[in-house]
Amino acid sequence: MGKPSPSETDQTLDDHSEFEELFRTYYPFVVRQVMRILPSPSIAEDIAQEVFVQFYHTDRTVIENIPAWLAKATIHATYNHLRSEKRHLARMKKESLYLLDSLPSTESEWLSREDVVMVRRALLQMDDRERTLLLMKYAGFSYEELAQVMQIKKGYVGTLLSRAKSRFRKLFQQVRGDRE
């Protein structure tokens, strides 16, 4: 690929000059078209630039009516922008709702701290064997692992856990002040 010939260079300059003239002529028209749908001057100018970039890359020899083509392209670009904004706002709203749901309130944080204190008090009242079984089970250890650590038969783990849970429930209710 060599240098463009002088006639190709002249043609390119003519195309740029023609485009600049069309841009100066129709830019205000395109901005007004956008502002009819979306009354924001800065967004209207951004969309107008997008339309003219598209217009620049289009073969203008096949366009029969330039103002009609620009109006149609402007309307499409404006509605695309609105749809994009709507999706963006929906995502933002969904994210903010998720964050609000996932962040505990001050009251719920205080209550859960209070619950932690009560759980600790109940656990401290249990004997070491029961406390260890419960803590290990809720940490995800299997019955087999519990049996090995506690040095008991695997068949006894379920019974001992059941008793430990029952004892914990009673102690927790006492600590919490429930009456049964």
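This is a predicted model: local features need pLDDT of at least 70, side-chain atom pairs count only at pLDDT 80 or more; totals for chains, interfaces and linings use all residues.
**Ground rules.** I kept local features only at pLDDT of at least 70 and side-chain atom pairs only at pLDDT 80 or more, while totals for chains, interfaces and linings use all residues. Residues are numbered from 1 along each chain as its sequence is written, and side-chain values use heavy atoms, with hydrogens and water left out.

I took buried as under 20% relative accessible area, exposed as over 50% and partly exposed as in between, with a 1.4 Å probe and protein chains only. This core has 19 residues, and Val-51, Phe-52, Phe-55, Ile-66 and Leu-70 touch the most other members. Helices H1 (6-37), H2 (41-56) and H3 (66-102) each supply at least two of its residues; I used DSSP runs, H or I of at least four residues for helices and E of at least two for strands, numbered from the N terminus. H1 gives the largest share, seven residues. A second, separate core has 18 residues, among them Ala-147, Val-157, Leu-160 and Leu-171.

**Val-51.** I listed its contacts (heavy atoms within 4.5 Å), leaving aside neighbours within four places in sequence. They are Val-30, Trp-69, Leu-70, Ala-73, Thr-74 and Ala-77.

**Rings.** I found eleven aromatic pairs. Rings of Phe, Tyr and Trp (its six-membered ring) pair if their centres lie within 6.5 Å; planes under 30 degrees apart count as stacked, over 60 as edge-to-face and the rest as tilted. Phe-52 and Phe-55 are edge-to-face, because their ring centres are 6.1 Å apart and their planes stand at 85°. Both Phe-52 and Phe-55 are buried. They are three residues apart in H2, so about one helical turn separates them. Ring pairs link Phe-19, Phe-23, Tyr-27, Phe-52, Phe-55, Tyr-56 and Trp-69 into a cluster. I also noted Arg-60 over the face of Phe-55, at 5.6 Å from the ring centre; the test is NZ of Lys or CZ of Arg within 6 Å of the ring centre and within 35 degrees of the ring normal.

**His-81.** I found this residue in H3. His-81 is partly exposed, with a relative accessible area of 23%. Not counting residues up to four places away in sequence, His-81 touches Leu-38, Ile-43 and Ile-47. Leu-38 and His-81 are 43 residues apart in sequence and 9.6 Å apart in space, C-alpha to C-alpha.

**H5.** In this helix (residues 128-138) I marked Glu-130, Arg-131, Leu-133, Leu-134 and Met-136 as buried. Just after H5, Gly-140 takes a positive phi of about 105°.

Terms used. A nonpolar core is a set of buried Ala, Val, Leu, Ile, Met, Phe, Trp, Tyr and Cys residues joined through side-chain atoms within 4.5 Å.
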